[in-house]
Amino acid sequence: MQILVNCSDPLCCDENLFQRVEGVIAGTLERFSNRVARVEVNLSDVSDLNHGNSDKICSLEAWVGAESVVASHEAATLTEAIHDAASKLERLLARAIEQWDAALGNRQVGPSPASR
């Protein structure tokens, strides 16, 4: 599973943050690692635009074959946004994969690795 991290604010994003994000995503989605080809992570800080408490955003898009599943979370900290978005993505992937399995009559998770 390839994890690509993008950040809208280069001042707050460094290699350490990227490694932490990759670790959270890989750990949370470990049970899907043989089926998810890639996860794209977009981190942003909208504190200039949003005067509330939830100004950090983590958006995730996981690709399983030609299909994608998207989740995002807004929070006061990047850490909270990343963890909660990853948890949402895990639940959404489980549901999508269950539906794909039912539609395909498979017991395997999502589109087969050979279709990637």
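Guide: What follows is a set of questions about terms, each answered from its definition.

Guide: The model is predicted, so local features need pLDDT of at least 70 and side-chain atom pairs count only at pLDDT 80 or more, while totals for chains, interfaces and linings use all residues. Residues are numbered from 1 along each chain as its sequence is written, and side-chain values use heavy atoms, with hydrogens and water left out.

Visitor: What makes Arg-38 and Glu-40 a salt bridge?

Guide: A salt bridge requires a side-chain nitrogen of Lys or Arg within 4 Å of a carboxyl oxygen of Asp or Glu. The N to O distance between the side chains of Arg-38 and Glu-40 is 2.8 Å, and the pair therefore qualifies. By this rule the count comes to four salt bridges.

Visitor: Why is Arg-38 called partly exposed?

Guide: Buried means under 20% relative accessible area and exposed over 50%, with partly exposed in between (1.4 Å probe, protein chains only). Arg-38 has a relative accessible area of 27% and is therefore partly exposed, and Glu-40, with 21%, is also partly exposed.

Visitor: How do you know that Lys-56 and Asp-45 meet in a salt bridge, and which parts does the pair tie together?

Guide: Their side chains meet at 3.3 Å, N to O. Lys-56 lies in strand S3 (residues 56-64) and Asp-45 in strand S2 (residues 38-45), so the pair ties together parts that are 11 residues apart in sequence; strands here are DSSP runs (E, at least two residues) and helices likewise (H or I, at least four), numbered from the N terminus. Lys-56 has a relative accessible area of 18% and is therefore buried, whereas Asp-45, with 27%, is partly exposed.

Visitor: What makes Asp-45, Asp-55 and Lys-56 one network?

Guide: The side chains of Lys-56 and Asp-55 also meet in a salt bridge, at 3.4 Å, N to O, and both of these residues are buried. Salt bridges that share partners join Asp-45, Asp-55 and Lys-56 into one network.

Visitor: Why is His-73 counted as buried, and what joins the side chains of His-73 and Asp-84?

Guide: His-73, which lies in strand S4, has 18% relative accessibility and therefore counts as buried. A polar contact is a pair of N or O atoms within 3.5 Å; within protein, one must be able to donate a hydrogen and the other to accept it, and residues adjacent in sequence count only if both atoms are side-chain atoms. The side chains of His-73 and Asp-84 are joined by such a contact, at 3.2 Å.

Visitor: How do you know that S2 and S3 pair?

Guide: Two strands pair if DSSP finds at least two bridges between them. Eight bridges join S2 to S3, which run antiparallel, and the pair therefore meets the definition. Within S3, Ala-62 is the bridge partner of Val-39. The four strands form an open sheet in the order S1-S2-S3-S4 with mixed pairing, and S1 and S4 are its edge strands, each pairing on one side only.
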